[in-house]
Amino acid sequence: MAVFEGTFTRDPSLFRFAIVIARFNDLVTEKLLSGCQDCLKRHGIDINPQGTQVDYIWVPGCFEVPMVARQMAISRRYDGVICLGAVIRGQTPHFDYVAAEAAKGIAAAAFQTGVPVIFGILTADNMTQALERAGIKSNHGWNYALNALEMASLMQQFGDRTNSPTLPTFQDISGTTPVLPVSAEKATVQESEYPEQTS
Ligand code: INI
């Protein structure tokens, strides 16, 4: 038998990530993004949007995050999708609807595709609490990136994301061809980058 766990020692140039960011509460989400980028960069990932390793997709709010995360996951272009958002409790039940749909949708995107989709949605009672978790005390964005690196490394041990018979393709699910960010279209994956698994 064996123990499987993600490591942080794989050649970082082989990873590709999509980061889906909600604009709503962007005072918080931009800080989450900075923390996330800092972690990826310090693990050797080229975070430049003009490069071939990280694509950034902005959406209006957390409610829209799962739909885009799922499309990015199905594209098989990425080793992981990181979802960033902030849902802050107000005077109405809106918070509960948005937070619940974001959580369910993000879980479904990962479950349906087999691609790690990281739940980087902060839920907070007020702006101060959210900012404390987005850089004032600690930055959860950093941890979300670390979670993505660990999960990408773990899932890589179970097969090649570009050629897995167990993953549905975008066409299987939607019947259409995905429209991808330009840099993802450029990011052709060489077979040699993903050598056959021997164990
Ligand atoms: N979107 C958020 O990302 N965070 C919130 O706190 C929030 N609240 O509370 O309203 C929020 N609402 C917008 C929502 O995500 C959608 O963008 C909107 O409803 C359009 O579908």
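**Note on the helix packing and nonpolar core of a predicted model**

1. The crossing of H1 and H5 is right-handed, where a crossing is called left-handed if the near helix is turned anticlockwise from the far one by less than a right angle, and right-handed if it is turned clockwise. This is a predicted model, in which local features need pLDDT of at least 70 and side-chain atom pairs count only at pLDDT 80 or more, while totals for chains, interfaces and linings use all residues. Residues are numbered from 1 along each chain as its sequence is written.

2. The axes of helix H1 (residues 26–42) and helix H5 (residues 140–156) come within 6 Å and cross at roughly 45 degrees; axes here are lines fitted to C-alpha atoms, for helices over the stretch in contact, and angles run from 0 to 180 degrees between N-to-C directions. H1 and H5 are therefore oblique to each other, given that angles under 35 degrees count as roughly parallel, over 145 as roughly antiparallel, 65 to 115 as roughly perpendicular and the rest as oblique. On the H1 side the contact is made by Lys31, Leu32, Leu33, Ser34, Gly35, Cys36, Asp38, Cys39 and Leu40, and on the H5 side by His140, Gly141, Trp142, Tyr144, Ala145 and Leu146, two residues being in contact if their C-beta atoms, placed from the backbone, lie within 7 Å. The residues of this contact divide into nine nonpolar, four polar and two charged, with Ala, Val, Leu, Ile, Met, Phe, Trp, Tyr, Cys and Pro counted as nonpolar, Asp, Glu, Lys and Arg as charged, and the others, Gly among them, as polar.

3. The protein chain as a whole has seven helices and four strands, where helices (H or I, at least four residues) and strands (E, at least two) are DSSP runs numbered from the N terminus. Read from the N terminus on, the order of the elements is β-α-β-α-β-α-β-α-α-α-α. Among contacts between residues at least 6 apart in sequence, 80% join residues at least 24 apart. Buried residues make up 38% of the 199 residues in the chain; a residue is buried if 20 or more other C-beta atoms lie within 10 Å of its own, exposed if 12 or fewer, and partly exposed in between, with C-beta atoms placed from the backbone.

4. The largest nonpolar core has 46 residues, and those with the most contacts inside it are Ala69, Val81, Ile82 and Cys83; such a core is a set of buried Ala, Val, Leu, Ile, Met, Phe, Trp, Tyr and Cys residues joined through C-beta atoms within 7 Å. At least two residues of this core are supplied by each of S1, H1, helix H2 (65–74), strand S3 (80–88), helix H3 (94–113), strand S4 (117–124) and H5. Not counting residues up to four places away in sequence, Val81 touches Ala18, Val20, Ala69, Met72, Ala73, Val115, Val117 and Ile118.

5. Val20 lies in strand S1 (residues 17–22) and is buried, because 29 other C-beta atoms lie within 10 Å. Leaving aside neighbours within four places in sequence, Val20 is in contact with Ile57, Val59, Val65, Val68, Ala69, Met72, Val81 and Cys83. Val20 and Glu64, although 44 residues apart in sequence, are 9.6 Å apart in space, C-alpha to C-alpha.

6. Nine of the 10 residues of H2 are buried, so this helix is largely enclosed by the rest of the structure; among the buried residues are Val68, Gln71 and Met72. H2 and H3 pack at an angle of about 10 degrees, with their axes 8 Å apart, and are therefore roughly parallel to each other. Val65, Pro66, Ala69, Arg70, Ala73 and Ile74 in H2 meet Ala102, Gly105, Ile106, Ala108, Ala109, Gln112 and Thr113 in H3, a set that divides into nine nonpolar, three polar and one charged.

7. Most residues other than glycine have a negative phi. Asn25, in the loop between S1 and H1, has a positive phi of about 60 degrees although it is not a glycine, and counts as buried because it has 21 C-beta neighbours inside 10 Å. Arg76, in the loop between H2 and S3, likewise has a positive phi, near 60 degrees, and is buried, with 21 other C-beta atoms within 10 Å.

8. Ser153 has its place in helix H5 and counts as buried, with 20 C-beta neighbours inside 10 Å. Leaving aside neighbours within four places in sequence, Ser153 is in contact with Gly6, Thr7 and Arg10. The C-alpha atoms of Ser153 and Phe15, which are 138 residues apart along the chain, are separated by 8.9 Å.
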